[in-house]
Amino acid sequence: MALVSLSLPSSCASNRLLAPSSPPSSRTGLPAAGSGSLALPAGRRGVQWRAPVSLSSFSSFLPSFFKSNKGKEDEEKKAARLKEELLAAMAPLDRGAEATPEDKDRVDQIARQLEEASPAKDPLKSDLLNGKWELLYTTSTSILQPQRPKFLRPNGTIYQAINTDTLRAQNMETWPYFNQVTANLVPLTSRRVAVQFDYFKIFSLIQIKAPGSGKGELEITYLDEDLRVSRGDKGNLFVLKMVDPTYRVPL
């Protein structure tokens, strides 16, 4: 349906909502020519009324509406492009274990640009955060253990799960150690949580209570339906992809 611009008589520019019209023509019973008034149905006596109509507010809304939509599309395209660049930059780095200082700088630079285009402005309030995420890249040496021979590093998939309704989190290694740790979360802002670890599991069998010093902070800096970027209080970067949005962390 086409939208057109209408030119209205100057008499319709009144600031009053309703105003009395000119008297009807004696021969026709209709308003005098050029009055801009609306005639009441035949047989109706009394004053004729005219209702001013203005399209200025509607027409002025259209440019901002299309500009807003275009801006949103541009942000989505920017985020999609940066996600591709980030995944390509991380791909040969063995989750970060093989990253040189130059590699780390490049990944961090792309991640920071992507963070600016995050569609989730309050990630802790978003259902997109819930579930099990696979670690794609990190700068955390405590996770990567780069000082160990490669066959003694955690070579299998590493997961992190978060449930915002129960404020629980869980880190899970697979081959060769199958270690796990669970934690309670305390929201500090709509993007940052305090993390208090409660139990470690060695080889997924031996449960050990975490020491009181086992704590930290985590900020969710980018979040969409399949990718998450987070930063820890020690400056470490984490990039993860969603693998199971239905996963529940043990209470």
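Residues are numbered from 1 along each chain as its sequence is written, and side-chain values use heavy atoms, with hydrogens and water left out. Because the model is predicted, local features need pLDDT of at least 70 and side-chain atom pairs count only at pLDDT 80 or more, while totals for chains, interfaces and linings use all residues.

**Exercise 1. Overall make-up**

Task: state how many helices and strands the protein chain has, and give their pattern along the sequence.

Solution. 
- Step 1. Helices (H or I, at least four residues) and strands (E, at least two) are DSSP runs, numbered from the N terminus.
- Step 2. The protein chain has three helices and eleven strands.
- Step 3. Along the sequence the pattern reads β-β-α-α-β-α-β-β-β-β-β-β-β-β.
- Step 4. Of the 251 residues in the protein chain, 35% are buried. Buried means under 20% relative accessible area, exposed over 50%, and partly exposed in between (1.4 Å probe, protein chains only).

**Exercise 2. From β5 to β7**

Task: trace the pairing of strand β6 with β5 and with β7, and name residue partners of Asn 184.

Solution. 
- Step 1. Two strands pair if DSSP finds at least two bridges between them.
- Step 2. Strand β5 (residues 168–173) is antiparallel to β6, with five bridges. Asn 184 in β6 has Arg 168 opposite.
- Step 3. The hairpin of β5 and β6 has six residues between the strands, and Phe 178 there takes a positive phi near 55°.
- Step 4. Strand β6 (residues 180–187) is joined to strand β7 (residues 192–202) by eight bridges, again in the antiparallel sense.
- Step 5. Asn 184 has Gln 196 as its bridge partner in β7, and Val 186 faces Ala 194 of β7.

**Exercise 3. The other partners of β7**

Task: which strands pair with β7 through five bridges and through four bridges?

Solution. 
- Step 1. Strand β9 (residues 215–223) runs antiparallel to β7, and five bridges join them. Val 193 lies opposite Leu 218 of β9.
- Step 2. Strand β8 (residues 206–209) pairs with β7 over four bridges, in the antiparallel sense. Here Tyr 199 is opposite Lys 209 of β8.
- Step 3. Three residues lie between β7 and β8 in their hairpin, where Phe 203 has a positive phi near 55°.

**Exercise 4. A nonpolar patch**

Task: which residues make the nonpolar surface patch of about 430 Å²?

Solution. 
- Step 1. Patches are made of residues with over 30% relative accessible area and no salt bridge; like charges are joined within 9 Å, and nonpolar side chains (Val, Leu, Ile, Met, Phe, Trp, Tyr) within 5 Å. Accessible areas come from the Shrake-Rupley method with a 1.4 Å probe, and for residues only the protein chains shown count as cover.
- Step 2. The patch consists of Phe 203, Leu 205, Ile 206 and Ile 208.
- Step 3. Ile 206 belongs to strand β8, and Phe 203 is in the hairpin of β7 and β8.

**Exercise 5. Charges over rings**

Task: find the rings over which the charged ends of Lys 132 and Arg 228 sit.

Solution. 
- Step 1. A charge sits over a ring if NZ of Lys or CZ of Arg is within 6 Å of the ring centre and within 35 degrees of the ring normal.
- Step 2. Lys 132 has its charged end over the ring of Tyr 159, 4.8 Å from the centre.
- Step 3. For Arg 228 the ring is that of Trp 133, with 5.0 Å to the centre.

**Exercise 6. Salt bridges**

Task: describe the salt bridges of Arg 81, Arg 112 and Arg 231.

Solution. 
- Step 1. A salt bridge is a side-chain nitrogen of Lys or Arg within 4 Å of a carboxyl oxygen of Asp or Glu. The structure holds 13.
- Step 2. Arg 81 meets Glu 85 at 3.1 Å, N to O. The two are about one helical turn apart because they are four residues apart in helix α1 (residues 56–90). Arg 81 is partly exposed at 41% relative accessible area, and Glu 85 is partly exposed at 27%.
- Step 3. Arg 112 meets Asp 108 at 2.8 Å, N to O. Both lie in helix α2 (residues 101–116), four residues apart. Arg 112 is partly exposed at 44%, as is Asp 108 at 22%.
- Step 4. Glu 115 and Arg 231 form a salt bridge at 2.8 Å, N to O. Glu 115 lies in helix α2 and Arg 231 in strand β10 (residues 227–232), so the pair ties together parts 116 residues apart in sequence. Glu 115 is buried at 15% relative accessibility, and Arg 231 is buried at 11%.
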